[in-house]
Each structure stands twice: as structure tokens, then as C-alpha cells.
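Good morning, and thank you for making time for this item.

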Amino acid sequence: MFLLENTTIVDGTGAPPVSGMDILFDEDGIKGIAATGELEVPANTIIIKAEGKAVLPGLIDTHIHMDLHGYGNTYDENLVEDKLRSVRTAQEMARTLRSGFTTVRNVGSVNGIDFAVKKAIEEGYVQGPRILTSGQIISMTAEGNDYFLGLYHEVDGVDEVRKAAREQLKAGADFLKLMATGAVMNPGGVPGAPQLDVEEMRAVVEEADKLGTHVAAHAHGALGIKNAVEAGVRTIEHGTFLDEAGIELMLKKGTYLVPTPVVGYHMAAHQEGIPAHMLSEHDHQESSADKAHRAAIKAGVNVCYGTDAGTNYNYHGLNAMQMALFVEQGIYTPVEAIHCASLASAKAIGLQDEIGSIEVGKVADLIVIDAALLENLQGIEKGIEQVFFGGKPVEGMPPKL
Ligand SMILES: [Zn+2]
């Protein structure tokens with residue numbers, strides 16, 4: 001049993017910080033939360049003095065690519081042998097956990113690297129976060145897909161698409177990822193253009209439904225977004241050209257938006273080696289994406305947290321940077337940014353009963369930061385002092401970023 005003593009709690013529900021609090025927990029979950037000194041503390045409890053610190057729920061990133069490393073030119077990934085890539089992925093997932101992200105949703109991987117590393121973590125060979133993974137991305141036959149060898153499962157027509165969905169689930173996918181529009185990252189790809197048809201996407205949603213899981217849709221263009229929402233996907237990834245009608249539809253269906261502005265932030269900060277087709281596409285998309293994100297929030301659309309970690313210079317372990325970016329851009333207050341990356345994201349991936357907030361009975365995924373970081377979250381990615389994952393302290397702290 002552990003007691004975090006005399007700390008400030010930001011519980012992830014969007015409620016303001018409360019100081020002078022104690023949290024009692026173990027591997028079975030959070031046992032008690034009360035003003036300092038009020039809990040009955042069992043003998044042999046390890047007491048951690050946490051005055052001046054803030055405790056947050058373990059953070060959740062709903063959009064990462066665990067087996068991409070963050071190369072300036074993502075094509076270089078094709079030159080790394082799968083076995084080496086798997087070991088690197090394991091190391092980077094350990095870093096992700098130490099950086100405060102206790103749960104990640106991996107939206108597309110190559111050759112089963114995701115399944116292997118997830119298994120290695122669950123077997124205890126390596127340390128890492130709770131992982132929900134999709135396996136390959138289900139896509140129609142499209143130009144540019146070969147830039148990421150093995151990432152896309154190309155299929156056409158309802159029957160083929162349904163079969164691909166079943167194959168990913170058979171391989172171990174926890175949910176499914178599909179392409180509703182073209183992609184920025186793929187040369188020749190047209191981000192605004194719709195891809196899979198509504199009927200094709202509906203087949204994927206039906207197969208996910210049978211197992212009580214959900215579908216994530218990569219979608220930039222307005223028509224592709226509406227097609228995906230119509231088909232019943234749970235999350236719209238990126239949502240760059242989301243329009244009024246799309247917002248209406250998302251509100252009606254309760255669909256989540258996963259904006260990923262930190263991708264453009266890293267590209268602008270580095271540039272070196274980034275292929276021209278990625279830079280130019282990003283330049284003329286950034287303001288549209290920002291407008292769409294703000295309009296969605298204003299209208300009350302569900303929004304969750306995703307960083308596209310693994311893309312260009314977007315290294316695993318830096319996942320929390322986007323929270324500070326949201327605060328800096330006036331999109332969220334610090335407490336709202338924390339809510340987005342905790343309870344809102346837990347709801348998006350269907351794990352809200354177990355994780356996402358600091359409440360008695362929930363899993364003890366907790367992170368400790370200096371309370372001063374709550375002012376604007378600047379530098380939070382380097383300020384994670386301790387992580388408890390399932391009630392156990394994570395080793396190797398602080399992380400080397
Ligand atoms: Zn992505």
C-alpha cells in the first residue's frame with residue numbers, strides 16, 4: 001500500500017485542483033482520497049511526502065505509431081529490419097510510460113511489431129504502458145501507401161474490407177483503424193479526397209461491434225469525415241477540413257475528434273530531412289485544422305488527446321508537449337488540457353470505468369509533477385517525477401528524453 005501525502009490533486013474530470021489531499025492505493029486500485037490525515041492508513045504503508053507536488057491521472061494518448069521512431073524522413077523506417085525495430089519499439093514504449101503516459105492507442109503498425117511488443121509488456125519482459133492496438137491500417141488501394149511498407153492492408157469492396165477487418169481482429173487487434181481520406185504523409189496522397197466508401201467502412205464498424213470494440217478513422221477532407229461518422233466510427237483522426245455539417249453529425253453520433261497539431265509543430269521546428277510533399281501539405285493545412293478544432297470545441301463535440309507520436313521528430317516520450325501547446329494557443333486551460341488527455345480520452349477508447357480519473361475504485365495509474373507546472377504546463381514532458389502504473393512505482397525515473 002502507498003500513501004501520497006499532502007498533495008494537490010487534479011483528478012482528470014475537469015474539476016479544479018484541490019490541495020492538502022492524501023491518496024491511498026495499491027495494486028488493486030485507489031482505496032481512499034481525503035484531506036491530509038483523515039484516511040485510516042494500514043500498517044506497513046509506504047508514505048510518500050508530496051507537498052508542493054501535483055498528482056494527475058496517468059495520461060492517455062489515443063493516436064501513436066509505436067514502431068515509427070520519428071525520423072526526419074519516415075521512409076528511412078523501411079530500411080530498419082523488423083527485429084531491430086521491435087526492440088527499439090519496446091524501449092520507446094518504456095520511455096512513453098516513464099513520461100507519464102500509462103495508456104496508449106496505437107493506430108497502425110507494420111508486420112505485427114505492435115502485437116509482439118504489447119505481448120512482451122504483458123508478459124513482463126519489458127516495461128511499458130497499457131496498449132490498445134489496431135495492427136495494420138485498412139485502406140483502399142491508393143497512391144502513396146507504399147511509402148510506409150507493410151503499414152496498410154489494401155482492400156476494395158465491402159467483402160474484401162470485411163475480410164481485412166476480421167483478419168486484423170484475428171491477429172490480435174483491440175480495435176480497427178481505417179482510411180476515410182488520403183494522407184499528408186503519403187506522396188501523391190490527396191488529404192482532402194474521400195477514400196473508403198460508407199458501405200465499406202460500415203462493414204469494418206460491424207465487425208468491431210461484434211467484439212464490443214470500436215473503429216478509428218483517419219480523415220482530413222470534409223466529405224470523408226462525414227462518410228466515416230455516418231458509417232459509425234468512434235474517432236475521427238486529424239479532422240483537418242471538418243465543416244459545419246460534419247460537426248452536426250459528430251454531435252448527433254457522439255463521435256470523438258482527435259486533433260494532432262503537434263505534428264506541424266515538430267515539422268516547423270526541425271524541417272531537416274523532411275520530404276517536401278509532407279512540408280508543403282502541412283503548411284496549407286495547419287490553419288484549417290486549427291479552425292476546425294476550435295469550432296468543434298465551441299459546438300461541444302467530444303475531443304480526446306492524440307499526438308501521432310512516431311511521425312517526423314515527434315519522438316515517443318514527448319507526448320505531453322501538445323498539452324502545453326493547447327494552453328499556449330488558448331485552446332484549453334491547464335485543467336482542461338489534463339482532462340482531454342485523461343478522462344475524455346478514456347471515454348473515447350471505452351476504458352472510462354477503469355482509468356482516466358483519480359477516483360476510489362479505479363486503477364491506480366498516477367503521475368507526480370511539480371505543482372508549479374500547473375500554471376501553464378510548459379515543460380511538463382520533462383517534469384514527470386514519478387509514475388505509478390497499476391499501483392506499482394515505475395522504475396528508471398526520471399526518463400531520459
Ligand atoms: Zn497517425
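Before anything else, a word on contact: throughout this talk, two residues touch when they have heavy atoms within 4.5 Å of each other. Please also keep in mind that this is a predicted model.

With that cut-off in hand, consider T74, which sits in the loop between β6 (59–64) and α1 (82–98). Which residues does T74 touch, if those up to four places away in sequence are not counted? They are Y147, F148, M278 and N312. Is T74 buried or exposed? T74 counts as buried, because its relative accessibility is 3% and the cut-off for buried is under 20%.

Let me now turn to the overall division. The protein is split into domain 1, made up of 2–57 + 357–393, and domain 2, which covers 59–348. Taken over C-alpha atoms, the centres of the two domains are 30 Å apart. Domain 1 brings 24 residues to the contact, and domain 2 brings 25 residues.

How is such an interface expressed as a number? The size of an interface is often given as the accessible area lost when the parts come together. Here, domain 1 and domain 2 bury about 1900 Å² between them, with 71% of that area on carbon and sulfur atoms. On the side of domain 1, L377, E381 and F389 account for 30% of the area buried against domain 2, more than any other three residues.

The rule finds 1 salt bridge across the interface of domain 1 and domain 2. R130 and D365 form a salt bridge, in which the closest N and O atoms are 2.7 Å apart.

Which elements give two or more residues to the side of domain 1 that touches domain 2? They are β5 (53–57) and β17 (384–389). Of these, β17 gives the most, with 4 residues. By residue type, this side of domain 1 comprises 14 nonpolar, 6 polar and 4 charged residues.

I close with helix α5, residues 222–231. Its buried residues are G224, I225, N227, A228, V229 and A231. These buried residues pack against α4 (198–210), β12 (215–219), β13 (235–238) and α6 (244–253). Just after α5 comes G232, with a positive phi of about 100 degrees.

Thank you for your attention.

How values were computed
Residues numbered from 1 in each chain as written. Predicted model: local features only at pLDDT ≥ 70, side-chain atom pairs only at ≥ 80, totals over all residues. Heavy atoms only, no water. Domains from an automatic or database assignment. Buried area = accessible area lost by both parts, 1.4 Å probe. Salt bridge = Lys/Arg side-chain N within 4 Å of Asp/Glu carboxyl O. Nonpolar A, V, L, I, M, F, W, Y, C, P; charged D, E, K, R; others polar. Buried < 20%, exposed > 50% of the residue type's maximum accessible area, 1.4 Å probe, protein only.
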